[in-house]
Amino acid sequence: MKTELKKEERKREAKEAVKKHSLLQIAPTIAEIFSIPLKTDAKSLDDVLNFVHKSGKRGNFRVILLVIDSLDWQFFKDFAYSLRRMHALASSGLLFKCETVSEHTTPAIASILTGLRPESHGILTENDVGKSGVDSILEILDTHGFKTAAILEEKGAKPLKGKISFVFPVRDRENILDYDEEVKEKTLLALKKARMIFAHFRAIDRFAHRSLDMREAARFTDENVGEIVNVVAADAAKGVETLFFLCGDHRTHGGMRRGGEGSGEREDSVPLIFRVFA
């Protein structure tokens with residue numbers, strides 16, 4: 001009986017198998033897409049580059065990177081019904097299971113944007129932002145003539161002013177759904193201005209910390225992503241190609257780490273979705 005159960009478990013795991021990668025691979029992949037150098041030991045995502053090559057990347061393309069705070073792998077699976085647009089993106093593009101580099105937002109995002117581990121980029125708290133001497137992919141792209149934009153909380157946004165073309169600070173507030181709504185609106189505005197756009201959504205993380213209804217946070221976040229996708233798809237019909245990245249930053253925090261039946265111990269993995277709109 002145990003042998004049969006193990007066989008069934010292996011079959012189930014094989015069905016769900018997704019090659020594991022690292023969040024450190026996002027920045028070098030974007031750098032290679034734009035054909036610019038980046039100092040990191042992390043390797044590019046070959047599957048993404050092959051996907052881009054097959055799609056026939058044109059000169060008039062842009063890249064968007066959405067980071068969803070606390071969207072871990074288990075949450076992505078357990079709340080699939082509430083994250084239908086994200087799962088649709090994954091089904092029509094590429095899905096990676098990525099190892100995280102930190103349990104905290106600031107160093108995790110810094111690693112996503114530099115391709116370096118926290119001990120290398122030195123951005124461990126909000127006070128370190130702008131002081132490490134390590135440039136993000138946004139800053140590097142801007143120095144190479146590609147206009148970039150960042151949409152994030154105002155404390156993290158402030159050090160980027162003067163270093164990239166467009167900075168859209170978002171004031172922190174009690175109503176995190178209203179906060180994310182502003183992030184979405186400013187992201188839609190940035191799509192009209194920049195070749196590389198980075199935006200950070202926080203509702204799932206805030207709801208998790210406060211043990212609120214995670215289905216509501218998931219649905220709301222998914223709707224915001226869906227609105228951005230709709231605009232990107234409409235632009236593609238007009239000849240504007242978009243290379244779309246979406247990922248989590250660390251495991252789900254707080255008292256609401258609940259998953260589906262039998263989900264077990266949470267692992268330090270997050271989803272990374274990639275899709276070309278052309």
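Which residue just after helix 12 takes a positive phi? I looked there to begin with, and G239 does, at about 100 degrees.

**Ground rules.** I noted that this is a predicted model, where local features need pLDDT of at least 70, side-chain atom pairs count only at pLDDT 80 or more, and totals for chains, interfaces and linings use all residues. Residues are numbered from 1 along each chain as its sequence is written, and side-chain values use heavy atoms, with hydrogens and water left out.

**Helix 12.** Helices (H or I, at least four residues) and strands (E, at least two) are DSSP runs, numbered from the N terminus. I checked the length of helix 12 (residues 214-237): its 24 residues should span 34 Å at 1.5 Å a residue, and the end C-alpha atoms are 34 Å apart, which agrees. The expected span is 1.5 Å times one less than the number of residues. At its N-terminal end I found D213 as the cap, with a side-chain oxygen 3.0 Å from the backbone nitrogen of R215.

Next I traced an open sheet of 8 strands, in the order 1-3-8-7-2-6-4-5 with mixed pairing; two strands pair if DSSP finds at least two bridges between them. Strand 1 (20-22) and strand 5 (166-170) are at the edges with a single partner strand each, so one side of each has no neighbour in the sheet.

I then followed strand 4 (residues 148-153), which pairs with strand 5 in the parallel sense over 5 bridges. Here A150 stands opposite V167 in strand 5.

Conventions: A polar contact is a pair of N or O atoms within 3.5 Å; within protein, one must be able to donate a hydrogen and the other to accept it, and residues adjacent in sequence count only if both atoms are side-chain atoms.
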